[in-house]
Structures are given as structure tokens and as C-alpha cells.
Amino acid sequence: MVTFTNAAASEMRERVLDAIYKKLEEEPENENLQRQVTLLNKASICTIDSFCLEIVRNNFYELDGLSPNFRIADTTEIELLKQEVMEDIFEKKYEEENEDFIKLINTYTSYRDDTPLKDLILKMDSYTQSNPFPEKWLTEKIEMFRLADKLEEDFATTIWGKELLQEIEDTLIDSITSLENASRQLSCEPDLEKFWQTIRNDIELLQGLKNNLDSWDKAYQINQTLKFATWPRQKVESEIKEKAKQVRDDVKKKLGKVLDKILIYDSKQANQDIYDMYGILLKLKSILLEFKQEFSKRKRDKNIVDFNDIEHFALKILLKEENGQIFPSEVAKRYQEKYVEIAIDEYQDSNLVQEYILNSIAKQNNIFMVGDVKQSIYKFRQAMPELFLQKYNQYKNKEQKTETDNLKIQLFKNFRSRDNVLQFTNSIFQAIMSHLLGEIEYDQEEYLNLGADYPTIDQNLNTEIAILDLAKEEQTSQTEEIETEERIENVELEARFVANRIKQLMEEKFQIWDRKKNAYRNIRYQDIVILLRSTANIAPVYEQEIIRLEMPVFSDSSQEYLDSIEIETIMSLLKIIDNPIQDIPLVTVLRSAIGRFTDDELIQIRLSDQYDNFYTCMQKARIHVKGTLKEKIEKMLHNLETWRKEQEYLALDELIWKIYSDTGFYHYARIDAKWKTKTS
């Protein structure tokens, strides 16, 4: 059983175990069931990464040079090693004055910074790893740019021309639709005939371009002479006229951006541009392969691997190539005999590497895949929902299936949501999801259907949509509190609305169905979740608004953690241990629970020398000041000097722990965290 996350694998084990125990209650003497409880710990219920790791560890001898005691490096270690390898390769190329490298530098970077080229190489490396045969795939894609014998052909016949013309067509369809709507509104008022005629001329103009998108050169020539007529200057007071003009201006602006970006060359020049990229991509491929080779060597030297390595090592173990054909290896055949059935969860998020791995250990008819392409959200990680769609379209339902067909079972019942939620979801996605947007037509055959059976309750369970007029809200807020409150940002208004709605639900004691108790109960804070498109900057705003109403809140935001005052204080201290002549980090530490300097004391230190750095000011001040301030300065300078010496031989984690011990900051942070938890 292959799941997408470790948490899902753990949950699946628990469910299987619960089912076995439930059956054991009915048959307590059943030795087979008792044995299953023991065997469950060894059952192959895992993620694809875990399965690949098992293959590699058990068959490491199939790989040349791989040590059996290899270690999986964490993400940070791998990223640092990548940067180190990249820097070394670039430095070597600079010293050699390599001509191909200089060509790449001039193509992808500015004279100030070569980071864009480094980022491109790393991105290409990451992307190619999602293919089972990265180098072969890369070569095939680059060869597509070799258009030496096609320079005179119409650019519309190339894959790039087709994609670009499709973008133009989509924009034209959207523009024409907008203008048609404006035209219908203008036709309702006789006084607006001139404006109506102008819009109709615009539609005819764009339709002419749309009708000639079968040829790049035709479209290019039309675009050279494409010009919108001047908007009539007839003075007519009409809101419809103003709206139509705004629609027209938006269409011109949007369409202009697309056409000015795409239809800038004729076919010959466009083909030549693509062919010119062929030579550049060959150079890019060369440096990418050099990076891959050196990166692999450094990992072998350190006896570490990453998750991409594990998948590709598993591929090498499970597959062999003969005469250009791929076959399962002897190891794969042993796994085929081991597994009676293979079940894959979240199949819509599989990639081609995982597809090859799982097919290599499967027999012809023992693999079961479950997924929902409508939930595919990992295409940016090179997931391939088309693998799911291909089978979805080829497999047959039970009524249509023949002996040679694969079986498709449609599971459209939803057991988590109420009918009002499902109806709302279906109505929204039927309107926006299609083959072009989402790769599937969301119609009645794809609807989510009610599967859960909730007891009826006298409570409003309609789906709510809250639309905030942010401009009006801001104006009201500024009018009421213009002297005491600055302008409230939109996200704050939204967060405030959500916080108030949560408080209202709690006060009303909204009823929640509890599956474990099989009964309704009052809503709890832990029943509520706020979904945000991005949490890094927005989640803290929601937290503050919820805390302001004295309600508990938690957000799993790494950015929030790193921005906390406890972490920032230690980061500042590490900076001044490395280099004390940094005023802002130094003052941050002095004002913290580590230094415990007051603002008045910091002013006294600064007055010792208004022009030098703060570290030097502290050294000068301790000669003149007396009492408590003198003791604080001497203690801080002594500690800083001690830590600066210790950092030369202590590991970073040991140094940080010693700082915690010397300052008592660890205990302080724990007490502070407990206090915050209670107040939140």
C-alpha cells in the first residue's frame, strides 16, 4: 500500500488494526486474526520514498560504489552542498575563461550577478530528476530546438508557434466576449449608436485576427496594421457609455500586452530565434551534466544520499535495459512474487519515476490505483495527473468492461461533508473547471455526491458567502477613528471579520456532529480551521485579531517561528560573536533579556562617543561610568570575548547551548513561551 505521506500510512495502519480488533471481539479464538496483529508491523504500508529506501538498503550491492551504511542527508545539508559545488564549478570556469561558459553568462545574467544562471541550472537539475531517465529526456527536449532544415516553414507548425497562437486565441476570445457584452448594453440606448458602432468595429477587427491564427505570418501581418479606432467624442451623459469605454480600454491594454510580447517577428526570424537557442542549450546541458557528476561525487565522498537519489537508485535496481528496451530485473521479479496486490493512494500526484518503479514490481492485473484528478495540486513538483487521466479514460466501468479491459470504479460519494457543502462545491466547479482548466470536464458525472448520513438538527446549515466591500469598510474605519487609528489594511479587515464570526459561532454554541460519540455537541475552537492561500505574511495578522478577542489560536508557520523575538535575539548574538562591530545586532542583544540594558543606559554609552561604532563606545564607556552600568558593560564584554574564543573550537550547536547556559536565556524563553500560551 503506497500512500502520499507518513501520516497517511500511519493512519491506514491504525484503521486496519482497529478492523482486526473489531473482528477479534467477534472471534477471540481466531489464531489467524491474532497473527495478523503481529504481522501488521511488518506490512508494506508506506510512502514511495520509504519503499524505495527499503529496496536500496536490501539491494545496495546492485549499485556500483554505494556503501551499505549510507546516510540520508537533510534538506539543508543538500542545499548547502549544491551551492558549494556550483560555486566551485563557476570559479573554475571563470579561471579557465571558458568560452561556452562566458556565452551562458552573457545570455542569462547581468554584469553584476551570475545568480540567475546558477538558479537556472539548479532548477533544471530538480526538474529533470522527476523523469526516470533524466539525461535521455534532456537530450530529446534540446533536440527539439534543432530547426536547421525548417527555417523557411511557417512558425505555426512548430510546438512553440502552436502554444503562442493558442495564448493569443484565448485572449482574443476573452476580449471579444467582453466587447460583445458592452455592445449589448450600448444597443439599449439610441443616443449611444456611435459608441455601439465603434465597439462593433473593434469586434470585427479582433475577429479578423482570430480567423487567421492558422498561419503565423498572416497573424503577424495583421498585427502590424492592427489599430483601434478613436473613441467618439460625442457628449452624452451615460453610465453605460463610461462602462463600455472602461471595458474597451481594458481590452486594448490586455490584448496589447499579449500581442506586443508574441507577434514581434515573422516566421523566418522566429524559427531562427528557436534554432539559435539550440547551441545555447547544448552549452547549458554540458554545464548541467558537469554539475550532476560533481554533485554525485561529493555525495559519495560524504557517504550521503538525497531522496532523488533513492528513487533513481531503486529504478536502477528494478529495471534493466537490453537493445533499447526496458525490462524488470531479477530483483523486480522477486518483488512481483512477493506482492499479491499493490494499492496506490493519491495516484493523481504520482510522477513518471514512481510510475516506472511501481509498474516494475506489478503483475499484469494486481495494481489498484485510487485518486481524484480534481485534487491534483502538485504539478509544480512535477506530478503528472495525465497518468491518472490516461487510465481514467481508457479503463471501463463494470457494465462496459470486456475480459481484456481494465476495470474503472467510480467513487463519487463524499462521506465527510453535508449536502449543502457538496451542492455549493459542485455549482462552483461546474462553472470554472474544464478540459482546458483542470484537465477534466466537471459535469454531473464528476459531481461529489452525498454519502454521509447526518441526523437532522434544527440549525441553519446553509453555506455562507461573505463579500466584504473593503473600500467602504476602510472609509468607515477612517471616519470613525481617523485621529487614533491608521488606515487598516484589507487583510486586517478580513481577519477581523473571521475572528468575529468565530466568536459568534462559539457564543451561539453551534452544534457539531461528533463521530466518536455519535452525537451532536457544542463547537470547540479545535473544530475550526482557517484556510489561507499563503500563510507567511497573512497568518500573523489573523492570529492577532483572534487573540484580540481573547480566543486561542495556532498557526504552523515556520516564518513566524524564525521571526520570534527569542530566535532573533540569538541570531543577533551569533552575528556579533562573528563581528561585534554591528550596531543593530549588538543593541538588540543589549536590550534583550541577555544584556538587560535600559534605554537610558544605552544613551549613556552612546554619549561616550557619538561617532564611533557601539562596540567601541562600550569599551570607552566602561572607563568613565560607575556602579551597575559599569558592571553590566564589563560582564557583557567579558562574555562576548569568551564566546568569540570558544566559537573557534566548539561546534555551532555546542556554542549555542553554552550561550543558553551562560545567560539563562533558555530558561527565560521557556517561561515566556508558557506565559504566552496561557494568555493566548
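Reply: Let's begin with E180 and R200, whose side chains meet in a salt bridge at 2.9 Å, N to O. E180 belongs to helix α8 and R200 to helix α9 (residues 193-210), so this pair ties together parts that are 20 residues apart in sequence. E180 has 24% relative accessibility, so it counts as partly exposed. R200 comes out at 26% and therefore counts as partly exposed too. Keep in mind that this is a predicted model.

Another one joins the side chains of E290 and K92, at 3.9 Å from N to O. Here E290 sits in helix α12 and K92 in helix α4 (residues 75-96), so the pair ties together parts 198 residues apart in sequence. E290 has a relative accessible area of 21%, so it is partly exposed. K92, at 41% relative accessibility, counts as partly exposed as well.

Then there's E601 with K632, a salt bridge of 3.0 Å, N to O. E601 counts as buried because its relative accessibility is 12%. Some bridges also share partners: E84, D88, E294 and R298 are joined that way into one network.

K285 lies in helix α12 (residues 267-302). K285 is buried yet has no salt bridge, and the nearest side chain of opposite charge, E143, is 6.5 Å away. What K285 does have is a polar contact of 2.8 Å between its side chain and that of T139. Leaving aside neighbours within four places in sequence, K285 is in contact with L138, T139 and I142.

Two other lysines are placed over rings. K408 lies over the face of Y392, at 4.3 Å from the ring centre. K118 does likewise over the face of F90, at 5.3 Å from the ring centre.

The whole structure holds 22 aromatic pairs. Take F51 and Y335: their ring centres are 5.8 Å apart and their planes stand at 80 degrees, so the pair is edge-to-face. It links distant parts of the chain, F51 being in helix α3 (residues 48-58) and Y335 in helix α14 (residues 330-338), 284 residues apart. Both F51 and Y335 are buried. Y335 also pairs with Y339, with ring centres 6.2 Å apart and planes at 25 degrees, so that pair is stacked. Y335 counts as buried because its relative accessibility is 8%, and Y339 because its value is 11%. Put together, F51, Y335 and Y339 form one aromatic cluster.

T47 lies in strand β2 (residues 46-47). With 8% relative accessibility, T47 counts as buried. Its side chain makes a polar contact of 3.0 Å with the side chain of S50. Not counting residues up to four places away in sequence, T47 touches V2, T3, F4, T5 and N6.

F155 lies between α7 (134-143) and α8 (159-186), in the loop that joins them. F155 has a relative accessible area of 3%, so it is buried. F155 and S267 are 112 residues apart in sequence, but their C-alpha atoms are 4.8 Å apart in space. Beyond its neighbours within four places in sequence, F155 is in contact with W160, G161, L164, W216, S267, A270, N271 and I274.

Last, L422, which lies in helix α17 (residues 419-432). Its relative accessible area is 2%, so L422 is buried. Leaving aside neighbours within four places in sequence, L422 is in contact with N414, S417, L448, N449 and L450. As for L352, 70 residues away along the chain, its C-alpha is separated from that of L422 by 32 Å.

Notes:
Residues numbered from 1 in each chain as written. Heavy atoms only, no water. Phe/Tyr/Trp six-rings, centres within 6.5 Å; stacked < 30°, edge-to-face > 60°. Helix = DSSP H or I, 4+ residues; strand = E, 2+ residues; numbered from the N terminus. Buried < 20%, exposed > 50% of the residue type's maximum accessible area, 1.4 Å probe, protein only. Lys NZ or Arg CZ within 6 Å of the ring centre and 35° of its normal. Lys, Arg positive; Asp, Glu negative; His and termini not counted. Salt bridge = Lys/Arg side-chain N within 4 Å of Asp/Glu carboxyl O. Polar contact = N/O pair within 3.5 Å; in protein donor to acceptor, adjacent residues only side chain to side chain. Contact = heavy atoms within 4.5 Å.
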